[in-house]
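This report looks at charged pairs, a surface patch and helix packing. Please have the sequence and the model at hand.

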Amino acid sequence: METMQGKKNIVLIGMPGAGKSTVGVVLAKRLGYRFMDSDLVIQEQTKKLLHELITEHGVDGFLKIEEDINAGLDCEQAVIATGGSVIYGEKAMEHLRKIGCVVYLKLSYKEIEDRLGDLTARGVALKNGQTLKDLYNERCPLYEKYAHIVQECDHKRVREIVQELASQANA
């Protein structure tokens, strides 16, 4: 398992509802880093909301936009919260692994299901007929594949997760 030492950024990946943005903001404050939400960067650059991009370009078109924008992120000393579908873009993931330590915020399916509300309003990239369970089963192996560090988050409060990650960053 790799450490965060010597990495310029910390990149958070995981399912929608895993707490990437919430943990990211608190962790950034704790470490004195910038916080960047790649979903917001996508919205700023395209001048559209995520669900509008999915409606307009389809899931595959959205994933291409997401990959291109994430592959072009250029920052240092930042905690980057990514969209849950970032792991479909190989070019983006190679770039993110190069510029930072990729941390998978891992949650059980039950916890994800309990946390999520309306998936379409959230801009979740679901293919036609795909259930949340299908999505979870499809994505988890990809999160594991790209992560430098797997952070277990089940039954933990944000401050516990941040404490564990901060202690690794300062190790």
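How many residues apart in helix 3 are Lys64 and Asp68? The two are four residues apart in helix 3 (residues 50-71), so about one helical turn separates them. The model is a predicted one.

**Salt bridges**

Lys64 and Asp68 form a salt bridge, with 2.8 Å between the closest N and O atoms. Both partners are partly exposed. Lys64 has a relative accessible area of 44%, and Asp68 has a relative accessibility of 34%.

Arg115 and Glu111 form a salt bridge, their closest N and O atoms lying 3.6 Å apart. Is each partner buried or exposed, or in between? Arg115 is partly exposed, at 37% relative accessible area. Glu111 counts as buried because its relative accessibility is 14%, and the cut-off for buried is under 20%.

Lys48 and Glu56 supply another salt bridge, 3.1 Å from N to O. Lys48 is partly exposed, with a relative accessible area of 28%. The salt bridges in the model number eight. The table sets out three of them, including the Lys48 pair.

| Lys48 | Glu56 | 3.1 Å |

**A nonpolar patch**

Which residues form a nonpolar patch on the surface? They are Val25, Val26 and Val158. Together these valines have about 170 Å² of accessible area. Val26 belongs to helix 1 (residues 20-31). Its relative accessibility is 34%, so Val26 counts as partly exposed.

**Helix packing**

Two packed helices are described by the angle between their axes and the distance between the axes. Two pairs are taken up here.

Helix 1 packs with helix 7 (residues 158-169). Their axes are 9 Å apart, and the angle is about 45 degrees. Helix 1 and helix 7 are therefore oblique to each other. The reasoning rests on the cut-offs: angles under 35 degrees would count as roughly parallel, and 65 to 115 as roughly perpendicular. The crossing of this pair, helix 1 and helix 7, is right-handed.

Helix 2 (residues 38-46) and helix 3 cross at roughly 110 degrees, and their axes come within 11 Å. Helix 2 is therefore roughly perpendicular to helix 3. Is the crossing of helix 2 and helix 3 left-handed or right-handed? For helix 2 and helix 3, the crossing is right-handed.

**An exposed loop residue**

Where is Asn128 placed? Asn128 lies in the loop between helix 5 and helix 6 (132-146). With a relative accessible area of 83%, Asn128 is exposed. How far apart in space are Asn128 and Ala169? From C-alpha to C-alpha, Asn128 and Ala169 are 40 Å apart. In sequence, 41 residues separate Asn128 from Ala169.

Conventions. Residues are numbered from 1 along each chain as its sequence is written. This is a predicted model: local features need pLDDT of at least 70, side-chain atom pairs count only at pLDDT 80 or more; totals for chains, interfaces and linings use all residues. Side-chain values use heavy atoms; hydrogens and water are left out. A salt bridge is a side-chain nitrogen of Lys or Arg within 4 Å of a carboxyl oxygen of Asp or Glu. Buried means under 20% relative accessible area, exposed over 50%, partly exposed in between (1.4 Å probe, protein chains only). Patches are made of residues with over 30% relative accessible area and no salt bridge: like charges are joined within 9 Å, nonpolar side chains (Val, Leu, Ile, Met, Phe, Trp, Tyr) within 5 Å. Accessible areas come from the Shrake-Rupley method with a 1.4 Å probe; for residues, only the protein chains shown count as cover. Axes are lines fitted to C-alpha atoms, for helices over the stretch in contact, and angles run from 0 to 180 degrees between N-to-C directions. Angles under 35 degrees count as roughly parallel, over 145 as roughly antiparallel, 65 to 115 as roughly perpendicular and the rest as oblique. A crossing is left-handed if the near helix is turned anticlockwise from the far one by less than a right angle, and right-handed if clockwise.
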